Amino acid sequence: MSYPQTLEKLVESLCRFPGIGPKTAQRLAFFLLARPREEVVSIARAMVEAKDKLFFCSNCGCLTEIEPCALCRDSRRDRGLICVVQEPRDVLVLERTGQYHGLYHVLHGALSPLDGLGPEELRLPHLFSRIKENNVREVIIATNPNVEGDATAAFIARLVKPLGVTVTRIAFGLPVGGDLEYADDLTLSRALEGRREM
Amino acid sequence: MFLHKLKLLHFRNYEQQELSFNARINIFKGNNGQGKTNLLEAIYYLAVSRSFRTNYDQELVHWNKNDFFLKGNFQKGEDFYAVESAYQGFSKKFKIKVNGAEVKRSDFIYQFPVVVFSPDDLLLIKEGPAGRRRFLNLEGSRLIPSYYRKLKDYQKVLQQRNRLLKEKRSNFFNRDLFEPWDRALVSLGSSIIKQRISLLKNLEAQAQVFFEQLSGYKEQLSLNYVSSVTMADLSEKTEELFWDQLNQGRGEELKRGYTLIGPHLDDFLILINNYEAKKYASQGQQRAAALALKMGEVNLFCQARRESPIVLLDDVFSEFDPERRLQLLNFLRQREGQSFITTAAPFDKQGLQEGEFAIFSVYKGKINHEGARVNPGKNAPAEKNVASIQPKFDH
Ligand SMILES: [Zn+2]
């Protein structure tokens, strides 16, 4: 038996979400059909609204609905500090810690010639002019701990250090609450690289 | 490590077969095309969840069936493991269970060490450097914990850098763009080169012992790493040399559009009495050298993992003269682990003692145990009652 056409279209649309297969899509479709109309409308509206109103801050690249974004406007934040991250969601993760009070620079990727991502695509020239114009004293690089993230970090460090700015890379290592003996070799060696004096 | 029992269903030319093995040496006799190599393949597959002959599981299914199933009872030290592998042809689904619990294929690899030697391994000596690099990478991954990860990262860096070289070909050179990839190439590459050099040194020492025995203490086997980084060795100097030579070759790389230096272009020489085996050794010497590399690998495994791997020797005996056959048999007797040998020629026991071997005959996909009594090894496992993934076949 095949679905009515409208239902098929809904299932197909839901299938486009990352991590959603046909089975889950079908479950979600039937969930929506079982909810009151207003609720379904408000879910759909939320999606469209987010798409219409959100964009990337022209200064730091964060997701925002005002220009410049709330983070860039906030006068209590330390303007001498810029944290470089790969994705807009990384900003949310770091903000949740409540430990960081500087500004951000979102690259929307990492250096990858294979994907056609070079310094211009990552808006790195803009980062360098931000650093020069705003008397930044430290750049914290929080790109991912893989080949591309490391190359991006090395690229930035090499060009920023001569400006007399401190460049640091966030440490990667052991999950808190984990046992040393269960850490894999790679995590351990990265943790050793990022060790600090006590 | 031992394999006590094996069950095959619809695997290659076996419809259904159950076997109990000797804990030391198992010999499979039979003409070619009867299923001797298929049996070794089944043991290998069960232990490492892939074949040494094909990458396609579908090829392992009996010609007029849709699924295959393997079950083996392994013993490691005092522990027993019932391992089951099931493949479904329709859905292309594959499952492994260890003692009744499903495990992921990627977690399973290298849990049960096996070393296989077949006539194809002669290509290691006869053919180009690609096969020898593959050998080094495989052994490195199995024996050195960080090797595989470094190799994967190196290959990624190499791809990225080659793309950059292609883009910039006949164009200007931007040092800023290249620097991070150059640094990564040199740092990962030097580390891989050093790990390979020390791996090869250890392997040489082990293989040498076996090779001397096999050749009756007359010949010497040596393995020399040949790096595209001139003068590379185990010292700190290697990074510097790599860096300098990379920069010297810059013009040529930009012209050609790919990386011209690094471990992805390295090789090693196999020398017998200081002469390159590929060019100067006889067929017999080459065979002995190839086998010595594999048996050296067996000994390295024992050192690194404190585990004696299962050794599978496919059609090796017919290739050696009686003297070398005896030496090989002695090596297998003296080592700790279990061995499986196939042979098309009549098998001469050459002093094997009652209880340390079993002989099987293989004919048209059926195996019969003949002659010597099967020694089940100490503390043979009691079959535990665990949920099996064995499919219900109708017979
Ligand atoms: Zn902003």
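The following legends describe close-up views of a predicted two-chain model.

Residues are numbered from 1 along each chain as its sequence is written, and chains are lettered from A, with ligands numbered from 1, in the order in which they are written. In this predicted model, local features need pLDDT of at least 70 and side-chain atom pairs count only at pLDDT 80 or more, whereas totals for chains, interfaces and linings use all residues.

**View 1. Overall build of chain A.**
Chain A contains eight helices and six strands; helices (H or I, at least four residues) and strands (E, at least two) are DSSP runs, numbered from the N terminus. From the N terminus on, the order of these elements is α-α-α-β-β-α-β-α-β-α-β-α-β-α. Chain A is more spread out than a compact globule, because its radius of gyration is 22 Å, well over the 16 Å that the globule rule gives for 198 residues. The radius is taken over C-alpha atoms, and the rule is 2.2 Å times the number of residues to the power 0.38. Along the principal axes, the C-alpha atoms of chain A fill a box of roughly 65 × 45 × 35 Å. Of the 198 residues of chain A, 22% count as buried; a residue is buried if 20 or more other C-beta atoms lie within 10 Å of its own, exposed if 12 or fewer, and partly exposed in between, with C-beta atoms placed from the backbone. Among the contacts in chain A with a separation of 6 or more, 45% are between residues 24 or more positions apart. Two residues are in contact if their C-beta atoms, placed from the backbone, lie within 7 Å.

**View 2. Strands β3 and β4 of chain A.**
Strand β3 (residues 78-85) of chain A runs parallel to β4(A), and five bridges join the two. Strands pair if DSSP finds at least two bridges between them. In this pairing, A:V84 stands opposite A:H105 of β4(A). Strand β4 (residues 102-106) of chain A is largely enclosed by the rest of the structure, because four of its five residues are buried. Together with helix α5 (residues 88-97) of chain A, β3(A) and β4(A) make a right-handed β-α-β unit. A crossover is right-handed if, with the strands pointing away from the viewer, the path from the first strand over the helix to the second runs clockwise.

**View 3. Overall build of chain B.**
Chain B has eleven helices and 15 strands. Its radius of gyration of 24 Å is close to the 21 Å that the globule rule gives for 395 residues, so chain B is as compact as a globular protein of that length. Buried residues make up 39% of the 395 residues in chain B.

**View 4. Open sheet of chain B.**
Six strands of chain B form an open sheet of mixed pairing, in the order β8-β12-β13-β3-β14-β15. The edge strands, β8 (114-117) and β15 (366-370) of chain B, each pair on one side only. β8(B) pairs with strand β12 (residues 310-313) of chain B in the parallel sense over four bridges, and B:F117 has B:L313 as its bridge partner in β12(B).

**View 5. Contact between chains A and B.**
The contact takes 14 residues from chain A and 17 residues from chain B. On the chain B side, α5 (147-167) and α6 (175-214) each supply at least two residues. The largest share of that side, nine residues, comes from α5(B).
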